[in-house]
Amino acid sequence: MWAAGEAYEPYVGRWSRLVAARFVRALDVPPGGSWRDVGCGTGAVTRAVLEAAQPADVVGVDPSESYLAYARAHVHDPRARFVRADAVNLPFAGGAASAAVGGLVLNFVPAAPRAAAEMVRVVRPGGLVGVYLWDYGEGGMEAIRAFWDAATALDPRARELDEAVRFPLCTRTALGALLAGAGLVDVETEEIRVPTPFHDFDDYWTPFLGGQGPAPAYLAALPEDRRRALRERLEAALPRAADGSIPLRARAWAARGRRTA
Ligand SMILES: C[S@@+](CC[C@H](N)C(=O)[O-])C[C@H]1O[C@@H](n2cnc3c(N)ncnc32)[C@H](O)[C@@H]1O
């Protein structure tokens, strides 16, 4: 599912970037910090750290060689490097980082509490752990919500693949509880809302054809006639501005906490 960085970018990368910029600024880590970006993918969060936090270094880890290759090819900064690793087994000494962060990742890690424990392990006492996930429900990540609403109307079996159903971690309460359960203190949660405007229907639809993520994977498995029916249903259902653009929004839940000093 995570095999083509260039297809991920127009699908979710462009919107994660907007959330990452706000998320990193709100963490308010002092300049000169050493950062870990867990599940870095194509590098959205790493880039936000480089642009906003004046870090000494940032190490991104991800199991996808394709996404790592994309990140290495597009992030040209001597403070950043990218390493292949799993969130549940981070290749870092304990207690060394100022901050460990992860964007849109922990719902895809089957053992999310273990990943959270790893993030806590690698930060120094007093260091920060911060994560964010889409809200896939009503009023959340509207582009993906609209997809599953249309898919389920045509095929009730699609409901069990809907990320709002599959990922109970993607709520403010569950995310905060995950970090508190990992032993962090001063846990805070926040809502991050970003606009996700699409120029036209093709700008919305084409990225779903790239196979990256649960909704594009569902689409790729459909026969051509059902794919066409889903496309037509969505084209009729999505809201339109006067200029023909599609004015959607997205909400992410962010949570952060400190390792005890
Ligand atoms: C939705 S993408 C998010 C990528 C990036 N952080 C962003 O905000 O754009 C999910 C990422 O999680 C990664 N991932 C999935 N399972 C993982 C695991 N067990 N450990 C670390 N990363 C994982 C995928 O390879 C993919 O890059």
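A crossing of two helices is called left-handed if the near helix is turned anticlockwise from the far one by less than a right angle, and right-handed if clockwise. Keep that in mind for the first stop. You are looking at a predicted model, where local features need pLDDT of at least 70, side-chain atom pairs count only at pLDDT 80 or more, and totals for chains, interfaces and linings use all residues. Residues are numbered from 1 along each chain as its sequence is written. Helices (H or I, at least four residues) and strands (E, at least two) are DSSP runs, numbered from the N terminus.

**Stop 1: α5 and α10**

Select residues 142–154 for α5 and 224–237 for α10; the two helices pack at an angle of about 125 degrees, with axes 9 Å apart. Axes here are lines fitted to C-alpha atoms, for helices over the stretch in contact, and angles run from 0 to 180 degrees between N-to-C directions. Angles under 35 degrees count as roughly parallel, over 145 as roughly antiparallel, 65 to 115 as roughly perpendicular and the rest as oblique. That angle makes α5 oblique to α10. Which hand does the crossing of α5 and α10 have? It's right-handed.

Now show side chains: from α5, Ala-146, Phe-147, Ala-150, Ala-151, Ala-153 and Leu-154 meet Ala-229, Leu-230, Arg-233, Leu-234 and Ala-237 of α10. Contact means that the C-beta atoms, placed from the backbone, lie within 7 Å. Colour this contact by class and you get ten nonpolar, no polar and one charged residues. For the colouring, Ala, Val, Leu, Ile, Met, Phe, Trp, Tyr, Cys and Pro are nonpolar, Asp, Glu, Lys and Arg charged, and the others, Gly among them, polar.

**Stop 2: α4 and α7**

Next, pick α4 (residues 112–122) and α7 (residues 172–181), which pack at about 55 degrees with their axes 9 Å apart. By that angle, α4 is oblique to α7. This crossing is right-handed. Zoom in on Ala-112, Pro-113 and Ala-116 of α4, which meet Leu-178, Leu-179 and Gly-181 of α7. By class, the α4–α7 contact has five nonpolar, one polar and no charged residues.

**Stop 3: the sheet**

Switch to cartoon and follow the seven strands of an open sheet with mixed pairing, in the order β3-β2-β1-β4-β5-β7-β6. β3 (80–84) and β6 stand at the edges with a single partner strand each, so one side of each has no neighbour in the sheet. Neighbouring strands are turned by 20 degrees against each other on average, direction ignored.

Strands pair if DSSP finds at least two bridges between them.

Move on to β5 (residues 123–134) and β7 (residues 246–258), antiparallel over seven bridges. Val-131 stands opposite Ala-255 in β7. Then take β6 (residues 185–198), joined to β7 by twelve bridges, also antiparallel. There, Phe-198 stands opposite Ile-246 in β7.

**Stop 4: the ligand**

Finally, select the ligand and its surroundings. Of the 21 residues around the ligand, Ser-16, Gly-39, Gly-41, Ala-87 and Gly-103 come nearest; a residue is near if its C-beta atom, placed from the backbone, lies within 6 Å of the molecule. Which helix gives the most to this shell? It's α1, with three residues. Both α1 (5–27) and α2 (44–52) supply at least two residues each. By class, the shell divides into twelve nonpolar, seven polar and two charged residues.

Note on methods:
Contact = placed C-beta atoms within 7 Å.
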